[in-house]
Amino acid sequence: MNSYSKTLDGVFPSVCSLDCPDQCGLLVHKKEGKIVKIEGDPNHPVTQGNICNKVRNMPSRIYDKNRLKYPMKRTGTKGDGHFERIGWKEAIDTITSRWKDLIVNNGPESILPYSFYGNMGRLNAEGMDRRFFHKVGASRLDRTICQSAGTAGYTYTMGGSFGIDPEDTIHSKLIILWGINAVSTNMHQMILAQKARKSGAKIVVIDVHKNQTGKMADWFIPITPGTDAALALGMMHVLFDENLEDEPFLKKYTVGHQELREHVKEYDPETVAGITGVPKDDILKLARMYGKTSPAFIRIGNGPQHHDNGGMCIRTISCLPAITGHWLLKGGGAIKGNSGYLAFNTGALQRPDLLHKKDTRLINMNRIGSALFELEKPIKSMYVYGTNPAVVAPEGNKVRQGLQREDLFLVVHDLFLTETAKYADIVLPAASSFENTDIYSSYWHHYIQIQEPVIEAYGESKSNVEVFRLLAEGMGFHDSVFKETEEEMIDAALDFPANPLIEEIKAESLKKNKFIKARIKPLFPGRLPTPSGKIELYSQKMKDDGYPPLPTYIPLKEVNKFPFLFVPAPNHNFLNSTFSNNTKHAAMEKEPRLHINTRDAINAEIKDGDLVRIWNERGECELKAVVGELVLPGTVVSQGIWADAPGTKHLVNSLTPDRLSDMGGGAVFFSGRVNISKIRKE
Ligand SMILES: Nc1nc2c(c(=O)[nH]1)N[C@H]1C(S)=C(S)[C@@H](COP(=O)(O)OP(=O)(O)OC[C@H]3O[C@@H](n4cnc5c(=O)[nH]c(N)nc54)[C@H](O)[C@@H]3O)O[C@H]1N2
Ligand SMILES: Nc1nc2c(c(=O)[nH]1)N[C@H]1C(S)=C(S)[C@@H](COP(=O)(O)OP(=O)(O)OC[C@H]3O[C@@H](n4cnc5c(=O)[nH]c(N)nc54)[C@H](O)[C@@H]3O)O[C@H]1N2
Ligand code: SF4
Ligand SMILES: [Mo]
């Protein structure tokens, strides 16, 4: 491997490791051994030299004075943040001796790894860690917090995470951004859409909040949260009713179009208007626009699937391009996610064969608060890395109470003393991705990229891979898999004849080229990995799995208990909770706010700028009111996962339910209901 870390000055290739679809190619500028500037790689075909503010300001995070430099053990009570420095040896000894005891006395399933994609690098996020915990026989974690409901729904229709090449969307003539805040969360899709717009494309945004993305649209369509499936079915009704469907495509490439045609008769525009809050004339206009503009592209976001009915909703939206047959045209079709094209050898990387008991229990990460209290065989130790559950997981109060349990041995590996780390018994310092070797595969564009270290590890920090090597040694695991170098792990991951699209992508070629595109060909003509090989408008598999076989609107679960649907979405300058502890990023966001419709605000006697209490049976928050027409009546929206600080009540996940979505065990962050009232200061 190249290591640029010892070179003091120069410009070095890199990859953005954040959980963002754009996965930019970066150029990192160093002076006297330190990163002084980060810019987008102008040669990367998707990045094209553009990156977001968050990562342009990344050097301030890398060299933040609050970054963890060495391992620590807790000296105060759980949660109060008092720790003292220890060495790595003591840290590893403490952890592994505790785990050896637990394995003997409580069984290995009393240990739970808890991780997500704070660093998207395959080796660090889902490589050596998986090998290690498989070998331990620890409880398995179902990593469902992000897109699992939507992926399950999309897969019923299309067979897997396969959409179109985002680079082709410059040819689209109609771009529907459906439940995605692309200006903030997928900025290169927005750049591509702007290019298409210059060639005459129209941009339509369907969202519950007229945020940055809605404001840039040619047409913004506000919708009641959780009702998007009804809107899609209403569009299908009009498409069939007005003969805007592509009959030859339906016959050749789909299953069940006759059944669908009958089924959508009940979703007439008037009925759908009553459900969605989208006026009847707008439903007609949208459907006609979609049926008559070619090629049309739908970028399906994460918003609509963070609901009780999220799986079915995405399943339903993903049927639309089949009806018009736009999949056949360059720039036509949809993208929910594209990770299917970049499938690599997870078996070789993660070694599930090391897990002796194949029915080792699986714990859904969205229910971690409940899991910490309700399991008959309790979780006695949790090892958290690459995620910050104290603030990002649903039912936040329950999560934090669980983390505070005196008998829970909690280890947190992170770059900062996060809200979660404050509850830890042992805190380990994590190296940033710029200090590591790893490979990256985007879930939106079609490139695999390599990161080779550009700076030395900060303080005594270590990468996840390094820490799991040490833990394996401490546990007495002598298998050769724990000794593998990063380069060997990359070779293993990329040796995957089952996916010929990545045949040319190897460690060697990546070292030379930094990013390599998979050898993609259009989905059609071709066979999809669905049971029938076609787009399944009618899905027997869904029926077998206990779902309606045709796309269907299913209302949200919590009704009328509290008057408002609460949508706590991400914001522009943080990435989930990452950067919320950075003063510059927080200042750019000003303060946490709650968007309220004027009519609701008048009824509740709330004025713009008032401090508002938001509550339900799960908890409460205090945010500043923004009164206006950016949300529909009955919906309130906040943005950003803000840092916890004394005297503030900003933790929006105190209010979110830990129910699971209809499919994929997904999170339902946006299906909770709340009440609001003005806080009257004495
Ligand atoms: N700046 C920034 N970028 C990010 C992130 C971040 O936190 N900040 N997070 C990253 C991650 S992990 C992810 S998963 C992606 C997520 O990025 P997106 O795919 O954009 O998903 P969300 O931001 O969760 O929600 C998108 C939009 O859905 C809307 N919405 C909520 N409920 C509904 C509904 O029922 N119907 C409709 N039509 N709209 C609805 C919200 O108002 C929001 O504007 O972004 C990634 N990129
Ligand atoms: N209310 C609400 N809640 C949400 C969402 C929402 O839209 N609304 N979105 C949800 C979604 S889609 C997601 S994906 C989750 C994401 O939630 P998380 O996965 O928790 O994401 P972050 O908050 O960014 O936390 C990532 C942590 O990983 C750490 N980290 C980064 N790199 C490394 C590394 O190499 N090693 C180690 N050990 N640590 C590292 C970072 O410092 C950071 O503390 O949040 C979910 N929570
Ligand atoms: S966060 Fe997203 S847009 Fe920003 S640099 Fe990283 S990949 Fe690019
Ligand atoms: Mo996510």
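1. A polar contact is here a pair of N or O atoms within 3.5 Å; within protein, one of them must be able to donate a hydrogen and the other to accept it, and residues adjacent in sequence count only if both atoms are side-chain atoms. By this rule, a backbone N or O atom of Gly179 lies 3.3 Å from an oxygen atom of ligand 1.

2. The model is predicted, with local features needing pLDDT of at least 70 and side-chain atom pairs counting only at pLDDT 80 or more, while totals for chains, interfaces and linings use all residues. Residues are numbered from 1 along each chain as its sequence is written, chains are lettered from A and ligands numbered from 1 in the order in which they are written, and side-chain values use heavy atoms, with hydrogens and water left out.

3. Around ligand 1 there are 31 residues, of which Thr185, Asp207, Asp228, Phe574 and Asn576 are the closest (a residue is near a molecule if one of its heavy atoms lies within 4 Å of it).

4. By class, the shell of ligand 1 divides into 13 nonpolar, 14 polar and 4 charged residues, where Ala, Val, Leu, Ile, Met, Phe, Trp, Tyr, Cys and Pro count as nonpolar, Asp, Glu, Lys and Arg as charged, and the others, Gly among them, as polar. The shell around ligand 2 has 15 nonpolar, 14 polar and 3 charged residues.

5. Ligand 2 has 32 residues around it, and those that come nearest are Thr387, Asp414, Asn464, Ser577 and Thr578. A polar side-chain atom of Asp414 lies 2.6 Å from an oxygen atom of ligand 2, the corresponding distance for Thr387 is 2.7 Å, and a backbone N or O atom of Gly386 lies 3.3 Å from a nitrogen atom of the ligand. Of the 910 Å² of accessible area that ligand 2 has on its own, the protein covers 95%.

6. Ligand 3 is surrounded by Cys16, Leu18, Cys20, Asp22, Gln23, Cys24, Ile51, Cys52, Lys54, Val55 and Met187, a shell of 8 nonpolar, 1 polar and 2 charged residues. One of these residues, Gln23, has a positive phi of about 30° although it is not a glycine, and Gln23 lies in the loop between strand 1 (10–15) and strand 2 (25–31).

7. An unreviewed UniProt entry places the feature "domain: 4Fe-4S Mo/W bis-MGD-type" at residues 9–66, and such annotations may be inferred rather than shown by experiment. In the model, the end C-alpha atoms of this span lie 25 Å apart, and the span is 16% helix and 34% strand.

8. Two cis peptide bonds deserve a look. The bond from Ser294 to Pro295 is cis, with omega near -5°, and Pro295 lies in the loop between helix 14 (280–292) and strand 12 (296–300). The bond from Phe524 to Pro525 is also cis, with omega near -5°, and Pro525 is found in the loop between strand 20 (515–517) and strand 21 (535–536).

Methods
Helix = DSSP H or I, 4+ residues; strand = E, 2+ residues; numbered from the N terminus. Areas by Shrake-Rupley, 256 points an atom, 1.4 Å probe, with all protein chains shown as cover.
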